[in-house]
Amino acid sequence: GGAPVIDPARYEGTLVADNPPATFGVVSCRFPIDTLFGTAWIANTTAVDALGCPSEPPAPFSGTLQSFERGVMIFLPTAEIFAITIDATGGQWWYIPQAPPDQSWDVSAPAGLFVPTQGFGAVWKADETIRLALGYATGGEAGSSVTIQPFDNGRLIRIDSLARTFVLVNDTSVAFGGYE
């Protein structure tokens with residue numbers, strides 16, 4: 001009396017969960033993690049937990065990079081620059097939406113190292129924190145395919161020419177990586 005009539009055929013093949021999970025792991029995310037980032041970074045549970053879920057599909061770029069004593073800088077065609085430092089305990093990262101005007105000042109590098117030029121040089125000269133964290137350039141600028149996948153709380157960056165994946169966490173500016 002008064003109970004709704006349910007047509008079982010309408011729900012055939014539907015899975016039933018009595019108690020849905022309280023938290024959702026990567027498998028429950030809206031977008032999958034692209035396999036090109038590899039799996040080595042997934043072993044770092046601190047990084048995985050900090051990132052959350054992918055918020056967009058990955059985007060490939062033809063970028064420019066320069067390696068430094070303690071990290072790397074990446075330039076994207078959108079004029080964005082990422083500076084990433086990595087050491088044995090982790091690292092830091094900085095996002096620069098556009099390079100500042102170049103500051104003309106004369107500085108020389110130690111033997112075998114280089115002062116960066118152009119956009120990388122402008123950022124390096126303008127921001128002492130980045131300059132001290134990265135050190136001097138170890139070579140010139142080079143083109144590289146770069147893939148970025150945004151997450152709820154950061155992003156994965158894959159630099160093809162280095163064959164490395166970096167995990168960048170938003171709120172803390174912590175970087176993990178150099179994962180193969």
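Rings of Phe, Tyr and Trp (its six-membered ring) pair up when their centres lie within 6.5 Å; planes under 30 degrees apart count as stacked, over 60 as edge-to-face, and the rest as tilted. Keep in mind that this is a predicted model, where local features need pLDDT of at least 70, side-chain atom pairs count only at pLDDT 80 or more, and totals for chains, interfaces and linings use all residues. Residues are numbered from 1 along each chain as its sequence is written, and side-chain values use heavy atoms, with hydrogens and water left out.

**View 1. A cluster of rings: Phe82, Trp93 and Tyr95 are linked by ring pairs.** The structure holds four aromatic pairs. In one of them, Phe82 and Tyr95 sit 5.3 Å apart centre to centre, tilted with 55° between their planes. Phe82 belongs to strand β3 (residues 81–87) and Tyr95 to strand β4, so this pair ties together parts that are 13 residues apart in sequence. Helices (H or I, at least four residues) and strands (E, at least two) are DSSP runs, numbered from the N terminus. Phe82 is buried at 3% relative accessibility, while Tyr95, at 37%, is partly exposed. Here buried means under 20% relative accessible area, exposed over 50%, and partly exposed in between (1.4 Å probe, protein chains only).

**View 2. Strand β3 with its partners β2 and β4.** Two strands pair if DSSP finds at least two bridges between them. Strand β2 (residues 71–75) runs antiparallel to β3, and five bridges join them. Ile74 has Phe82 of β3 as its bridge partner. The β2–β3 hairpin has five residues between the strands, and Ala79 there takes a positive phi near 80°. With β4, β3 pairs in the antiparallel sense over seven bridges, and Ile86 stands opposite Gly91 in β4. Most of β3 is covered, with five of its seven residues buried.

**View 3. The largest nonpolar core, with 14 residues.** A core of this kind is a set of buried Ala, Val, Leu, Ile, Met, Phe, Trp, Tyr and Cys residues joined through side-chain atoms within 4.5 Å. Ile74, Phe82, Ile84, Ile157, Ile159 and Leu168 have the most contacts inside it. Two or more residues each come from β2, β3, β5 (142–151), β6 (154–159) and β7. Leaving aside neighbours within four places in sequence, Ile157 is in contact (heavy atoms within 4.5 Å) with residues including Phe37, Ile74, Phe82 and Leu168.

**View 4. A salt bridge between Lys125 and Asp102.** The term stands for a side-chain nitrogen of Lys or Arg within 4 Å of a carboxyl oxygen of Asp or Glu, and the count comes to two. For Lys125 and Asp102, the N to O distance is 3.4 Å. The pair links distant parts of the chain, 23 residues apart: Lys125 is in helix α2 (residues 118–126), and Asp102 is in the loop between β4 (90–96) and α2. Lys125 is buried, with a relative accessible area of 12%; Asp102 is partly exposed at 45%.

**View 5. Arg164 and Glu180 form a salt bridge.** Their closest N and O atoms are 3.1 Å apart. Arg164 is in strand β7 (residues 164–169) and Glu180 in the segment after β8 (174–179), 16 residues apart. Arg164 is partly exposed, with a relative accessible area of 26%, whereas Glu180 is exposed at 62%.
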